[in-house]
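Here's a quick briefing to read with the model open in your viewer.

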Amino acid sequence: MQNTISNLYFKKSKLASLLIGILAILMFTFLRKGLILIYPILLILITVVFRIVYKQLSQLSILLALIISLYSFVFHDGYLSNIIISLFIFYLPIITLLSPANKHLVSLEKFMRITFKVLAVINITGFINFIINLYTHTSIIDDGFVGLYGNSGLMTHTLALINFIYCVYYFYEKNIYKSAFLFLSGFMCFYGLGLIMFIIVIAFLLLTKIRLEQLKYILISILLLGTVFSITEKFNPKVFLYIKANINSTVDGFSNYSYEQQIKIARENKRTEVPRKITAFAGGLKRMIDLEILSFGAGPGSYNSRTSFLLNGEYSKLINSPKNKGNRPVYAELDVYPLWNRNITYQYNDGTRNQPFSSVLALIVEYGFLQFIIISLLIYKLIVRIKNNSEPSGFFKFLIIFLIINLFTENYIEYPEFFILVILLVKIIETAKNKSLNSIEK
């Protein structure tokens with residue numbers, strides 16, 4: 001009998017390892033571009049296997065989302081396709097992440113160990129591709145660290161964030177070699193804004209809770225940063241000039257700013273010195289003056305979300321034709337599409353600072369301020385749940401802060417290769433207290 005039980009758990013462990021490995025391959029390789037098609041299915045599977053329950057506040061959020069969707073369709077002439085897709089690839093991931101889970105499946109250590117092996121291979125191919133590109137010049141140096149990750153979606157921006165997350169995990173595990181390798185890999189993605197966010201969060205966490213035994217790791221990190229920056233200065237000095245220019249233009253953008261002037265320049269498809277991301281937020285906040293939009297939002301998938309752009313006729317190959325201009329929601333047409341369209345990107349090949357993308361902005365404007373407040377309360381309750389289980393680890397603190405900050409800068413919720421990983425990490429940490437004989441820890 002004992003042997004039978006042992007064999008059963010051994011088979012479960014092997015199956016779990018296999019499934020985690022397959023999922024890592026789907027998230028970390030060029031196959032990730034197909035994840036958007038099965039995103040809702042993966043979320044439903046996560047809900048089932050982690051036994052996620054929707055308690056009162058989650059139920060209120062779901063009810064409000066359905067009311068907002070109906071209101072948008074009936075009174076705002078909302079596009080049904082935008083509403084449905086937004087509910088599946090924007091709202092469903094949020095409510096899945098924030099609703100409580102009860103089933104512990106696998107330890108964080110095991111999950112990270114298996115997925116790291118896949119990520120390490122991807123990073124090695126990135127280094128190989130980068131070195132080859134230095135000699136062949138087949139692409140610009142900033143896009144050289146591609147490898148098996150592929151160049152779909154946000155290209156290496158999401159790869160940079162993933163590497164930074166794994167870097168911090170192994171830093172807290174005191175595995176300095178893996179942490180350094182992952183940081184270097186993330187740095188080589190040359191995602192300037194992501195790097196700035198990473199450094200800010202790490203500095204905040206380290207400075208608020210420094211222990212004597214951590215000083216050596218901090219000193220090593222500083223030394224590593226200096227070395228990496230020196231090497232980069234030699235091979236790609238434009239990276240730091242680009243970051244400096246972005247910071248200066250953002251600071252300048254807040255002085256003597258005029259929304260009307262900036263949106264007028266953008267509609268004429270002219271270059272704007274002020275980052276258009278600032279103009280996107282300014283336009284969204286102006287819309288919130290309208291009590292109707294403040295309460296019910298402009299409608300799911302109808303403003304600056306990825307859904308809105310996927311269906312607007314410019315970026316989807318399925319609906320991009322002279323006869324079909326796609327779904328052009330009225331507020332997106334007025335405020336957002338002038339800031340990011342084929343005419344602008346063709347002329348200027350604009351970077352992150354000019355992209356009007358932000359999951360936070362999309363949540364506020366598309367789903368209304370009331371839904372934003374409820375989601376904020378759900379985030380707070382998630383943190384409290386994990387704090388009640390045990391003292392939140394430094395890794396979890398980093399993950400939550402890093403996630404929230406980056407959601408201000410890009411539509412990351414709608415990119416499953418990144419957000420599925422975040423959901424899994426949070427659910428594994430959240431359910432750690434529920435370890436039982438059915439858990440797979442080895």
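What follows covers a helix pair, a surface patch and some salt bridges.

Keep in mind that this is a predicted model. The helix pair is H19 and H20, whose axes come within 11 Å. The patch is nonpolar and covers about 700 Å², and the salt bridge count comes to nine.

**Helix pair H19 and H20**
- H19 runs over residues 394–407 and H20 over residues 416–430, and their axes cross at roughly 145°.
- The crossing of H19 past H20 is left-handed.
- On the H19 side, the contact uses Phe 395, Phe 396, Leu 399 and Leu 403.
- H20 answers with Phe 418, Phe 419, Val 422, Leu 425, Val 426 and Ile 429.
- Sorted by class, that contact has ten nonpolar residues, with no polar and no charged ones.

**Nonpolar surface patch**
- Leu 70, Phe 73, Val 74, Phe 75, Leu 80, Ile 84 and Phe 88 make up the patch.
- Helix H3 (56–75) and helix H4 (80–98) are the elements that each give two or more residues to the patch.
- H3 gives the most, with four residues.
- Ile 84 sits in helix H4.

**Salt bridges**
- Side chains of opposite charge can pair when their charged atoms come close.
- Glu 109 forms a salt bridge with Arg 113, and their closest N and O atoms are 2.7 Å apart.
- Both Glu 109 and Arg 113 belong to helix H5 (residues 108–136), spaced four residues apart, or about one turn of the helix.

Note on methods:
Residues are numbered from 1 along each chain as its sequence is written. This is a predicted model: local features need pLDDT of at least 70, side-chain atom pairs count only at pLDDT 80 or more; totals for chains, interfaces and linings use all residues. Side-chain values use heavy atoms; hydrogens and water are left out. Axes are lines fitted to C-alpha atoms, for helices over the stretch in contact, and angles run from 0 to 180 degrees between N-to-C directions. A crossing is left-handed if the near helix is turned anticlockwise from the far one by less than a right angle, and right-handed if clockwise. Contact means heavy atoms within 4.5 Å. Ala, Val, Leu, Ile, Met, Phe, Trp, Tyr, Cys and Pro count as nonpolar, Asp, Glu, Lys and Arg as charged, and the others, Gly among them, as polar. Patches are made of residues with over 30% relative accessible area and no salt bridge: like charges are joined within 9 Å, nonpolar side chains (Val, Leu, Ile, Met, Phe, Trp, Tyr) within 5 Å. Accessible areas come from the Shrake-Rupley method with a 1.4 Å probe; for residues, only the protein chains shown count as cover. A salt bridge is a side-chain nitrogen of Lys or Arg within 4 Å of a carboxyl oxygen of Asp or Glu.
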